[in-house]
Amino acid sequence: MDDHNRIWIGFGYGEWGGNLFVFDTGKRRFLRPKLYDYRITLNPAQSFAQSDKNVFMTAGMAHFTTHGSIVAFDDLSARVVLSSEAAWVPDTTAQGPFKGGKFLKGGEYIGPAAYNSQEKHLYFYSQNGIFKGTPDYDLTDMSKWALVFKPSLRWTNGQKNAVGPAMNVLKMQFAPDGTLFFLTEQDGLGIYKDKTLRFVK
């Protein structure tokens, strides 16, 4: 539910992407978000977070390789904040006949996000850790995001609609004092405050 009493509902269909619905509880009708060139059919929705300016939607998929995205909605108009795709990169470790070859490096498998209203930073989780960035700045490349910490978490093999592990962090949220809570699939509730991480199972 956003500040305008609209319910944002996202779906993840694995390799068949995702879908998005917005329901206005005051007018009691569905609203059509303007996605422009954002391809929701390739991006399973993972979470929503709200700042004082935007509603953010995160999407991520693990299917043979990994990719993810973050979209900011100004009212109902989408703007891609980050798109992290798999890419072929040089293999600097290859020797012999494989020297000079390339390998497919996965993008960020983006899971849930949360907005820290004290810092004015957006946080998100991926297989590479929890990152933060300032939404008012250019965040289109992973180099613009700062790694906060990388928790050691277990993964569940396989999904119903994709080849790859299911997202192992289900939800993230900040307390008013800036404490970050994140709910994991197998390792309990993670609590991060003052650069200290602990888990409650």
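Is isoleucine 7 buried, exposed or partly exposed? The points below take up this residue and other features of the model.

1. The structure is a predicted model, in which local features need pLDDT of at least 70 and side-chain atom pairs count only at pLDDT 80 or more, while totals for chains, interfaces and linings use all residues. Residues are numbered from 1 along each chain as its sequence is written, and side-chain values use heavy atoms, without hydrogens and water.

2. Isoleucine 7 lies in strand 1 (strands are DSSP runs of E, at least two residues, numbered from the N terminus). With 31% relative accessibility, isoleucine 7 is partly exposed, that is, between buried (under 20% relative accessible area) and exposed (over 50%), using a 1.4 Å probe and protein chains only.

3. Serine 69 belongs to strand 6 (residues 65–74). This serine 69 is buried, its relative accessible area being 2%. Its side chain makes a polar contact of 2.7 Å with that of tyrosine 38 (a pair of N or O atoms within 3.5 Å; within protein, one must be able to donate a hydrogen and the other to accept it, and residues adjacent in sequence count only if both atoms are side-chain atoms).

4. Four strands form an open sheet in the order 10-11-12-13, paired antiparallel (pairing requires at least two DSSP bridges between two strands). Strand 10 (113–116) and strand 13 (146–149) are at the edges, each with a single partner strand, so one side of each has no neighbour in the sheet.

5. Strand 12 (residues 129–133) and strand 13 run antiparallel and are joined by three bridges. Isoleucine 130 has phenylalanine 149 in strand 13 as its bridge partner.
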